[in-house]
Amino acid sequence: MAAGPPPPLDPLPLPVFSDEGFGDKFLRKTRENPLVPLGCLCTVGVLTYGLISFKRGNIRRSQLMMRARIVAQGFTFAALLGGMVVTAMKSRK
């Protein structure tokens with residue numbers, strides 16, 4: 001075993017991240033994938049209208065709105081997955 005100088009004990013520098021608040025992060029993510037917040041708003045709107053219809057006793061419209069809510073949720077999920085795929089493709093380049 002060769003006797004040499006010991007390895008340096010300097011710690012590795014940690015990466016520096018910018019201090020990004022909730023509002024800044026929300027705006028950045030919305031700009032990156034604007035379809036997800038749009039889908040969320042549509043889902044909440046259809047759900048609210050369906051619940052109002054249910055409360056008023058309009059069962060037929062309430063059922064229609066609950067089915068529309070499922071479609072809106074599917075759209076939101078597809079937009080989320082699409083955004084993830086696009087982000088993954090960007091990071092590969």
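Trainee: What makes the contact between Glu20 and Arg28 a salt bridge?

Mentor: In this predicted model, the closest N and O atoms of Glu20 and Arg28 are 2.8 Å apart, and since a side-chain nitrogen of Arg within 4 Å of a carboxyl oxygen of Glu is what the term requires, the pair is called a salt bridge.

Trainee: Why is Glu20 called partly exposed?

Mentor: Glu20 has a relative accessibility of 34%, and because the class covers values between the buried limit of 20% and the exposed limit of 50%, Glu20 counts as partly exposed.

Trainee: How many salt bridges does a search of the whole structure find, and which residues are linked in a network?

Mentor: The search finds two salt bridges, and the network links Glu20, Arg28 and Glu32.

Trainee: Why is the pair of Phe22 and Phe26 called stacked?

Mentor: The count comes to one aromatic pair. The ring centres of Phe22 and Phe26 are 6.3 Å apart and their planes stand at 20°; because rings pair when their centres lie within 6.5 Å, and planes under 30 degrees apart count as stacked, this pair is stacked. Phe22 and Phe26 also both lie in helix H1, four residues apart, about one turn of the helix.

Trainee: What makes Phe22 exposed, and how is Phe26 classed?

Mentor: Phe22 has a relative accessible area of 73%, and since exposed means over 50%, Phe22 is exposed, whereas Phe26, at 45% relative accessibility, counts as partly exposed.

Trainee: How do you know that the reach of helix H3 is close to the span expected?

Mentor: Helix H3, residues 59-92, has 34 residues and reaches 50 Å from its first C-alpha to its last, which is close to the 50 Å expected at 1.5 Å a residue.

Trainee: Which residues of H3 are buried, and against what do they pack?

Mentor: The buried residues are Ser62, Met65, Met66, Ala72, Thr76, Ala79 and Gly83, and the buried residues of H3 pack against helix H2, 35-56.

Definitions and conventions
Residues are numbered from 1 along each chain as its sequence is written. This is a predicted model: local features need pLDDT of at least 70, side-chain atom pairs count only at pLDDT 80 or more; totals for chains, interfaces and linings use all residues. Side-chain values use heavy atoms; hydrogens and water are left out. Buried means under 20% relative accessible area, exposed over 50%, partly exposed in between (1.4 Å probe, protein chains only). Rings of Phe, Tyr and Trp (its six-membered ring) pair if their centres lie within 6.5 Å; planes under 30 degrees apart count as stacked, over 60 as edge-to-face and the rest as tilted. Helices (H or I, at least four residues) and strands (E, at least two) are DSSP runs, numbered from the N terminus. The expected span of a helix is 1.5 Å times one less than its number of residues. Contact means heavy atoms within 4.5 Å.
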